[in-house]
Structures are given as C-alpha cells and as structure tokens.
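This briefing covers selected features of the structure shown here.

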Amino acid sequence: MLSAGVVIPGFFVIGLAFIGIGVGLLITSRSIQVLELDYTGTETNSPCYKCTTPPVQNNCVCKLNFTIDTLFKGPVFFYYSLTNYFQSQRKYGASKDYNQLSGDLTYFKSPASDCDPYQYANGKPIVPCGSLANSMFNDTFKLYQIINGQEKLVPFDGKGIAWWTDYNIKYRNPDYSPLKNAFNDTVKPVFWSKAAYELDTSDATNNGFVNQDFLVWMRRAALPNFRKLYRRITEGDYKDGLPVGNYSLEISYNYPVISFDGTKKATFSNVSWMGGQNEFLGIAYLVIGSMCVVMSIVMLIVYAKFRFPDDD
Amino acid sequence: MNNRKEPYQRRKQREGGHLHLFTSNSFLSEEPEGNIFPSPSLLCCCHTGVKVKDGIWSFLLSQLEKKEKKQEEERLLRANDRGFNLSFQYANNAIRTSKYNIFTFLPLNLFEQFRRLANAYFLFLLILQMIPQVSSLSWFTTAVPLVLVLSITAAKDASDDINRHKCDKQVNNREVEVLIDGELKKEKWKDVQVGDIIKLENNEFVTADLLLLSSSEPLNLVYVETAELDGETNLKVKQALTVTGEMGDSTEALATFNGEVRCEPPNNCLDKFKGTLTVNGQAYSLDNDKVLLRGCVNASLSSFLTFWSYVIVLNTVVPISLYVSVEIIRLGNSFFIDWDRKMYYPKNDTCSSKNHHTLNEELGQIKYIFSDKTGTLTQNIMTFNKCSINGKAYGELCDFSGQRIEITEKTPRVDFSWNQLADPKFIFHDHSLVETVREGNPEVQSFFRLLALCHTVMPEEKKDGELFYQAQSPDEGALVTAARNFGFVFRSRTPETITIMEMGRKVVYELVAVLDFNNVRKRMSVIVRSPEGKTTLYCKGADTIIYERLHPSCRDLMKVTTDHLNMYAGDGLRTLVLASKDLDESYMQEWRKRHNEASTALDGREERLEELYEEIEKDMTLLGATAVEDKLQDGVPQTIEQLAKADIKIWVLTGDKQETAENIGYSCNMLREEMNDVFIVAANTAEGVREELRSARRKMCPDAAEQPSVSTSRSGLFWLKKTQTVQDEKVDGEYAMLINGHSLAFALEEDLELELLRTACMCQTVICCRVTPLQKAQVVQLVKKYKQAVTLAIGDGANDVSMIKAAHIGVGISGQEGMQAVLSSDFSFAQFRYLQRLLLVHGRWSYLRMCKFLRYFFYKNFTFTFVHFWYAFFCGFSAQTVYDEWFITLYNTVYTSLPVLALSLFDQDVNDRWSSQYPQLYAPGQQNLYFSKKAFMNLTAFSCYSSLVLYFVPWAAIHDTVRDDGKDIADYQSFALFAQTCLLIVVSIQMCLDTYHWTAVNNLFIWGSLATYFAVTFTMYSNGIFVIIPSAFPFVGTERNTLNLPNVWLTIILTSLLCILPVVAYRFIVMQIRPTINDKVRHRARKEPPPAPAPRRPARRVSTRRSGYAFAHSKGYGDLVTSQRFLMKRPVKSRVMLFSHITPAET
C-alpha cells in the first residue's frame, strides 16, 4: 500500500492541489472587508468611558464615530463581539430548559432544575429560566451616516438573523393569544428589564422565545471570544453596502463586561462563498501544500538512495 | 482476564491422575481442605489412568485427603477395624470438585467475577456514573455491557459446575467390592473408609491410595499402567509382600487379617515411601519397591495479572467496549484456529480445538516450549526397521540405480501369511530378507534365533496361535515380534526352558543362564542348550561393548557392520549388535559350578558374577545388528527446525531414560553432531550437580560473571508485583544439555535453581529425562519466574498435565494416552507438527491483531480524549465535552467498534504460507515489539499530535468566521459537530492505513460505520426526533447549518490530511531506510506467488554417534524371580510361567 509509486506522486499531487486551493482561499479571504470598533470604554478617550465609570447611569448612551474610506460592499453584516466571555462553560451552557423553550407550559410552572439558581425568583418560576437566558446581551445599536452634519439613520434588518431551525423548530412560543397570558404567574429573568413577551415592541411576532436577538444569544458560542450577528444592512440606500463617508454608531450601553476583563466590539463585515474573513485556512493550505511537495522530493531522494525493495 | 486458569487454582489438584492401586498415601500435604482429584472432567473419561491388569486384593491405606489440617507425624491404621481407623478422623473418600451449589452460586459467582479487576473497575465506573454531579454520561452506557458480560460468564460457570457435579457423582458412586464383616459387598467409592480391604478386578480404576495385599497372578504380581505418572505406556510390575500374598483369594483369611500399617503422612515426595506393616507382631518394612506411590502435582499457579488487564485498569479512558472487544477478538481468533483445515488430522478425525478462554495473542510471543517426548514427539511405536546380517543390510528399498527409495504407505509390504503365528500388525518392506530366511540361510536364521531367545519378554497365549508379548521395554517387544514374523516364534517359557517355533518346527531350548542387563554391562546374554545338546551363548548389546568382545576373525565383518550402524544412527534408529558363541560342554559345566558359587556368595557377589560374565562373554562371533525406530510423529524434525528459526527454545521434559531421550534428541534434530558440546548432568549430590552445571557454563561462556545478573523490576497492577529477571547471556557456538531427574531434583532446589537456569538457557537444546510430573511443572515455573517469557507446554499424557497447567499456554496432543492432557490444555490437536502452524501462523496473527487492535484502540480513544484536554482551556476547565453526548456514547460502541473488530479479526501482514516460510517473522512477538512501552509512548505521542490538529485546526478555521449568510457558525453545537466529524474521518482513514489485508468485511465495516455516523447524525439532528423529546436532542438543525459550507469541508480535508500524511511519510521513509523483516516478506509476497509447503523428509545423514540400546531401563525382572520361594508356593496354574529363574542356588 505504501509503495513508492503511490506515495511520492500522491504527495506531489496533493501538494499542488493544496497550493491551488490555498491561493484561492487567501484571495477570497483578502477580499472580505471587516471593520471592528472597540467600545468597551476602559480607555479614558473612549466615548463610552462615561458609561463605565461611576456613577453608573441607566440607559447610558455613547456614540462612536468612524469613517469608511472605500465602499463597504453589501450586504453588510453588523455584529457585536465579546471577549473573555465563557459561554462555553458547562454549567452555564446547560442552564436552560429546552422543554420550556419549546413552549411547553408545564415547564412554565416548574422549570428544570438545570436552571438553578435562575429557576425561581420570589417563589415564582422564571421564564425563560437559567443563566444563559438571564445573561442575554442587552446593548442596542443605531447606525447613522453623517451627511453634511446630518445624521441619517442606516436601516437595520433584524429579521432572519437566527438559524432557521432555531426560529421554526427548536424555540416555540406557547400557543396563546395574547402571548402575555402564557406568562401569567411567572417572572422575567432577574437581569432583564423587559419580559420575554415584550422584547420587541415594534413587531408583535418577534417576541417571546422566538425573538431573533434572544435566539442568537441562546445559540451559545463555543469559544470565549465570539461574535454574534446583530443586524443586517440590506435595505434602501445601503443595499449595495456602506458608501464612503462618516458614520456614527449610537450605543445604548447596558451590558457590563469590565468585571470579567471582557471587551465589547461592534463589527461590520461582509461575506464571501467561504463565509467570513479567515486567513488561516488559506495560509494553512499553502503551507501544507508546500510541505507536501517538499516531502515528495525528500521521499524521492530517500527512495533513490535506499531503494529497499530491490536490495534484498 | 487474569484468571484464565482460575478453575484450577482453587483445586490444586494432583493431576497425576488416579493412583496406583495398592499404594498408600495421599500426597497433597498442603491443601487444607477439599479434594483433589484430578480435574473433574478427567474423571469422566474412563479409558485412562492407572488400571489394574489383574484382580487383586488390596487394603485401603488412606483416602484422598485429610479433612482437617493438623500436623500429622505418622499414620496408623488397622485392617478390618473401622472403629479404630475412624478414631483418627481421616477424611472420607468422597471427592468434590464442584465449586457451587444452588444457593451459593449467585453470591459466590458474583464475588469471583468482581474479583476480576476489569469487572470491579466497571462497577466502580457505574457507581460514579450514577452520581449526577460527576457523571457526564448516562449510567446505562456502562451497565448494559457489564450486565451482559457478567451474565454470560455466569452462565458459562454454571454449566461448567453442573458438569463437575455430574463427574463427581459418577466417580463417587462408582462401585467397588469391599470386604465388610467377612463378606464382599458392593460399596460406592465415596463410602470406602481408611483401612478397608477391597477387591479390584482387571482394568478397574483406583480412586484411592492402596496397599497391595495379594493378587490372583503368580508371584503376587500385579501389572499396572502408569502412563499418568511417567508417560510410559508399558506395564509395570508390582508385588505384594509374601506374608500378605499368602492369603491369596481366601475371603476368610482376609477377613481375619489384622495387620497394622504405620506410614508417613501424606507428602508430595514421589520416590520415597516409608512405613511398616505389622502382622501378628511381626513387622515388615514397606518401601518404595513394595508400594507404589502415586504421582501428584501441587502446581501452584501463581495468579498473574496480565499486561492487558493492567492497561485496562490504569487507563481511565478505557471504555468497556475495549474489554468486550478484546474478548470478541480472542473468541474470533480461536474460532479461526478451530476451523483451520490445515490443523485437522483426518486419521483420527481430530481437529484442533480450544478449551479455555485463553489469551491467544500469547501464542505469538512464545519464547520457550516445553515438550513431552513419548506420544508428543514420538508415536510411542517401536518398529523393527532395518538390520544388518552377516554384512548385508536389509530393510531398505533401492531402485535399479541403487538409489534409496522412500518408504511410504503405498510401498508394498512383505506378506507374512506363510507364517501362521505372525503378528499381522508387523510391517516390513524388504522382501529379500524373507526370502533369505526361508531359503534357510544359517546366519540369518541364527540372527533371528537370537532375537527369539535372548530377552525377558513374557508371552501370553490366550487362544491358540494368538500370541501377545508383554515386554518391559517396547524395543525388546519389537525385536521379538520381528523374530516371530520371520519364522522364529517365541512361544512360551518356563524357568528352565524357552519354547520357540523355528520355521514351523517346535524347538525347546534349555535355559542355562541369563546374564542380565544392567547399565554398566549394557548387554544381555542367555546361555541355552538346544535339543541337539549344543550349548550356545547369545548376546545382544551396545555396539562398542560387543565389539570389544568379538573374536578377531570378525574384523572384516565388523567394518561392514559399522558402516551400516553409522547409517542407522544417521537415520536416528536405535541399534543393537548381536553376537553368539558356541560353548564347550566341559567348560560350561565348570562355569556353571562357579556361577552357582558366585551367586550364593555372601560378599562380593556382584563382583564375582561380573567377572564370570566377562569371562564367558568374549571371543564371540558377530551376527549382525538391528535397528529399531522409535517412530517420530510426522514432521517433527522440520517443525522443530522451523520453531528454532523463530528463536523459540525447546526443552524436552520426559519421563523416559536418558539414552532414549538422547536418541530422540538426535533424530528430531535437536541434538546435532555439529554442536560444540552436549553436556550431561547426572550427578548424585547437590555439590556434584553444582559443579557440573558450573563447568558447563564456564565452558560455554568463560567470561560470564559467577553470580547471575538478576534485574528486579516491578510490574503488574500499580507495580505491586515484584519480578526478577535473569538476563540472557550470549554464547558462541551451539551447546546442548541433558539432565536427569535425579540431578534435576537437586538443581531445582532454591540455591541451585539460578545456576540451572543460566546454564540451561545458554544451551540451544535442553533435555530433561526421568523427570516426574512435578518436576516438569517446576522447570516450567522456574523459567516463568526468572525469564518473564511466555511459555508453552505440550504433551499428551496425564503426566504432562502439571506442566501444561503451569505454562502460560498448554497444548494437549489428542493421541492414544487418553484425554487428561487435552482436557486441561488450552489448545489441543492431533499432531505435534501443527504446533508450527499454531504458533507461526495463528499465534503470530493473533498477536499481531491484538497489538494492532490495542494500538488502534488506544490511539482513537486517546485522540478522542486529548481533544477534551485542549478544549478545557476554552471552556473555563468546566469539563464541558467537545462532542455531542450522543456521539460520545456511540463513538466506541457504534461508529468505531466494528471496523476495529474487522481489523483485529481478519488482518494479516502476510498470508499463512509466508508466515510459516519465514519463522523470523515470529521474533518481534517474543520481544513484544508491537505493544511495548516504546510503542505505547509512540502512539500516545501520535494521539497527542492528532488531537492537537483535531482541535486547533477547526478552532483556527472557525473561531472568527461566520457562515456565508452572515449567521453564526462558531457556536458550540456547530463546533462539536465539526470536531467530531473530523475525528471520525481521521480515525477511519487511520484505520485504512493500518489495514494490511482488506476483506469485504473490512470495507463494509469502515464505510458502513462512516455512513452510519452520518445517517445517525442526520436523524438525531432532525426536526422530527427533536419534537418527540426536545431535551434529548438539542442539536436539532446543526448539521444543516454546518455541513453545507465549503469551508467546513475544506477544514475537514485539511485536518484529515494533516493527521494522516505525516504517518504515511514516516512509514514510507522508515521502510526505505530500515526495512523490517515484515516489510521484506510483504514486498516479496506482493511479487511472488506463495511458497510451496516444505517437503517432509529431511536429507539423509550418516552419523558415527549411536544410541539407545533397546533394553529396558531398570534391571528388569531378574531380581524379582531370584526368589525361588514364590515359585514353590504358587505353582502356575493356567498360565505359562512368567520368568525364568537363573539362580537355582537358593533351593
């Protein structure tokens, strides 16, 4: 099986193929535009510094100004990123009740014990229960393009940012109308300012467990530094992307990250066929491909020198 | 796994078998309770064991076992006095080999099973998994297989125990005639008491130790078969004391017999017995000659923990599927052995079979083979093969050009139908000899006349013309039978006469004297007077001895005969030279007178007789030479040669005498003339043995240190077991060692055993002769203890049972000697030569497969587990699993179990032909290269590398990226699916890389498992199943959102190749630079057709070394019959007298 006639050409061919794919991947990746804006507010010159220094004010709003030099091709995706945030922690990740989240009213009354310590509050069941839901990200963003000193709202599309299966299969609201009644005798998660059924006041269907932002949050990240989709920019004047110009990102700063040395970022990115920007894959393909070619030459030399099969 | 010989450990039996009848004593001195008898199944097979050949009366001395353990100085018992004997509370005679009864079965069996570490470990895991805080997996993943394993084992144990109960019942209820209150009553063996007098009939078994009182035979003799003690199938003669013998068959006399026996308590010494019998105030000493001792074995099979179980216990990543898989692989591989047509022996319809749950991978690691001789290497058939008469060789067939023709089964045989008394079983191929003898050639006739006269064989003519010979040695029987077929039929004998039929004419010779055989004389003569009144001395003996005593006129004939002898020796035949001498009547008269005087002399009797013999046995005329073949089993020399090439050392342990053993050593190529030296250790003192061993060692290896280098290391579970290893020492040249049982007894003492081991291990060949079953086991244990090598013992008789059980692997030859060896062995087959296939093919494959299995298994599980370790840094060390819980459950049981099973059942590096052709392929197994510490480190390092790739490549590829629709992909569920898919693909490709031998099953399992993975994944992540139980299948939709992305697949390809390509490159380069023997053979096997099996017959050689004169070992019956008194008192009734008496002086 490991004869010279298979191994040496095999390595060579694989090497060449890898180099080809690597080049393609790298070019693709380089064509993707990414813009990251840190708004943690730890530095004094940061506009959000005021929101992190006492006295802590509710509904602190800070504005980040930035400039786009070349056309940011659409569709543009707007993400928020958190670092040093262990959504991958086992207990944290398990702290939810799938039955409750799929709309089973039985579990509205007695949430799963996994949700502890966010199972009951004041003797009433928490819906949605558990740490994961409780810690839902609650900063909100508004993007303005500044045209001649005037702020022009860039329309955000918040629909369809969650997985289709999460929205249609996995998470279900109880079959109640109005939805609010299903939540009778329950309390909202302790860190939430609004109950689940009133997350989106502008769209009645985007509430409860199928609220898009909630769904995105509930799909917990595998790694401690992660990025979650917040909105898409697909409409109106911005259908083809963000034109050159000055922009202002208005952040309603609610989510504390300083306590665990985390950072918060707002990220604009577009995508290609291979998804978001990722240089690693292209480089890895190039390196491995080259190594395969080198190995095939090394093996050729070894084979020429020793020629084991013939010396016996 | 560590208790494969467990059923035997508890009952440290004496598998020596049933004892001799009349002997006394049970030897198991150390066992506190329970009973001994041979392995239970052994009791069921009734055609073996010590058998009584004649009806006898005997006196039960002691039962099998004592009930309570107290220091017993002496045993005292009285015949016909149950009350007296009962007061000593000797144990009763019932045997119990079963372990359980209905009520104790469940608790005891479970207890036994949980003593196995693997079971206990999994029980512990199960308990852990039931604690919700600790467990990350459901408890039934461990419980279901564990319960399955436990119940299968319990069922097997139960059926074994039911068989034991049946056997015990059968043995205990066997009936025997016991003399109670003056009447013979049928009693069950279990109810027989110490001190009872019992009557045994011909061919009965004996289930207690007995003292012989009297016999229906003349001279109070009894013939017993002792095959279970020393492997010799010829009958042994034992004799009762005169004082008891006088009672004869009289029930009244026996009923009033009130003898008291005082004897030593049960011990395990085979060759000594001390006791006295007191009858009517007169004490008679009972020694070993009067009483037969039965063999026993007290083989303490040290319970060992195998490496595998150690691995199992120490590794927390080991799942129960490993345990189950290992069992399946063993089972599978042993079925392959069972089914092997090439190990099937059509002659007696025996195929190879496997008895116990063995570690058959150990078959691929054998370093030492301990083999029995008789019945294993040899067929225990002596045939008169060739002879040289008056300078002419007979027995060989030549074609026209004078080339020797090989004799096969198809070669036409000589027709002996002209001789009505001929033995139909006798086979001879050379017609010229018959023609010559029928022509009346005087030399040929006197040659056969000698064979018919000069021996101590006893004839038995039950029906007219149906002759049976009872010979003390089979060689002698073969010679007399040859003479019989060639027209010189030994018919009967009395003390004074020998009657033979000479070419149909009855001739009665007067037997003047028998000049008996002994070890110094190495010859035997008879002086007979023919009816014509001619007195002749006939002598047969070892060539060197006879040659010195020949008349000078025979010189020319001697030369020719010597050539023939050399040829015979080269063929491994046992030779004897025959000579005769006509005696002058007057000289004879005078010699007889002196002979009478000498034999009655009080001092110097031996010497004076010796002188007389010397005097008369000279100036003899050479008649010729005989060659008797101790028939080897088919293919023995070739097998031994191949095994030797595989660097397996073969030690022969035989109960036979030294000469026979040596002869067989030569004929099966274990001893060769080219060897630098063959040491013979036969000293009679400990010091002498030490000196002989030392000098042999110094000769072989002058530079070696005086003290052996013993390296002590620890192994086993938690390194608790201390092991001592004596290192192998390099020796230039080839040496061999022969040691007899007597010296071996000294050499096996604690202070000499290392000396013995060192010297023996330097030798190419070691032959131990005259060894007891116990010594056989001790030798095996010595090697096991200090060499840490895997040992195999092969034998066919009950006397081999001990060593078969002592060795790691026991192989039984299912031959003529009964079933004990087979029943206690791990493997059994009909022919020694199958050992080659068993070891070099099946053993090697099994080892290879088991190692491959373990390496692969650990690789896949280490890789699997290490990924969790890397992920720990990214999940806050929270024990978050990387993979889906379902995947974890199914990984070992469904996704990867079948391919690795297929690999470890069917894989072979080269096929069977190549395997047997190149025994060198076996060597890596002996050094355990395929699963050594180094190999284990390598695989751990490689797993580590693989896990790094498997974690960090997917990590780097998706940690900051998103799907092509901008949605999340770096979420936990996607990452889990991603990582597990990579893992499974990588281990599957690795499996393909490790598979040498592709079968349809391999393909089916590998690709089937991958397909199953995707099918199961898609099902479990589907909407339908989520809706049914939302909390069990939270991964809904993950596969649809992840596996449709090109960059995910690109990453999977990258990961797989990054794991696999370095292995390919490494293996390729290593194979080029340093190819192993396997690589070379495999390369050849690809190019060439498989080699044809090697031809059977070895080339002929001529040897100057001759061996094995065909006499019995002991002095024979001479002494027994010198006592005229017996003859007087018990006149022969229906039978012909057994022995001649040669010294009428005592009358």
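The points below concern a helix pair, a strand residue and a domain division.

This is a predicted model, in which local features need pLDDT of at least 70, side-chain atom pairs count only at pLDDT 80 or more, and totals for chains, interfaces and linings use all residues. Residues are numbered from 1 along each chain as written, chains are lettered from A and ligands numbered from 1 in the order written, and side-chain values use heavy atoms, without hydrogens and water.

**Helix pair in chain B**

- Helix H21 (residues 686–700) and helix H23 (residues 753–762) of chain B have axes that come within 9 Å and cross at roughly 40°.
- H21(B) contributes Leu693(B), Arg694(B), Ala696(B), Arg697(B) and Met700(B) to the contact, and H23(B) contributes Glu755(B), Leu756(B), Arg758(B), Thr759(B) and Met762(B) (contact means heavy atoms within 4.5 Å).
- The residues of this contact comprise five nonpolar, one polar and four charged.

**Thr536(B)**

- Strand E22 (residues 535–541) of chain B contains Thr536(B) (strands are DSSP runs of at least two residues, helices H or I runs of at least four).
- Thr536(B) has a relative accessible area of 7% and is buried (under 20%, with a 1.4 Å probe and protein chains only).
- Leaving aside residues up to four places away in sequence, Thr536(B) touches Val526(B), Ile527(B), Val528(B), Ser580(B), Lys581(B), Asp582(B) and Leu583(B).

**Domains of chain A**

- Chain A divides into domain 1 (1–32 + 275–311) and domain 2 (34–270), with bounds from an automatic or database domain assignment.
- The centres of domain 1 and domain 2 of chain A, taken over C-alpha atoms, are 44 Å apart.

Notes: Axes fitted to C-alpha atoms, helices over the stretch in contact; angles between N-to-C directions. Nonpolar A, V, L, I, M, F, W, Y, C, P; charged D, E, K, R; others polar. Buried < 20%, exposed > 50% of the residue type's maximum accessible area, 1.4 Å probe, protein only.
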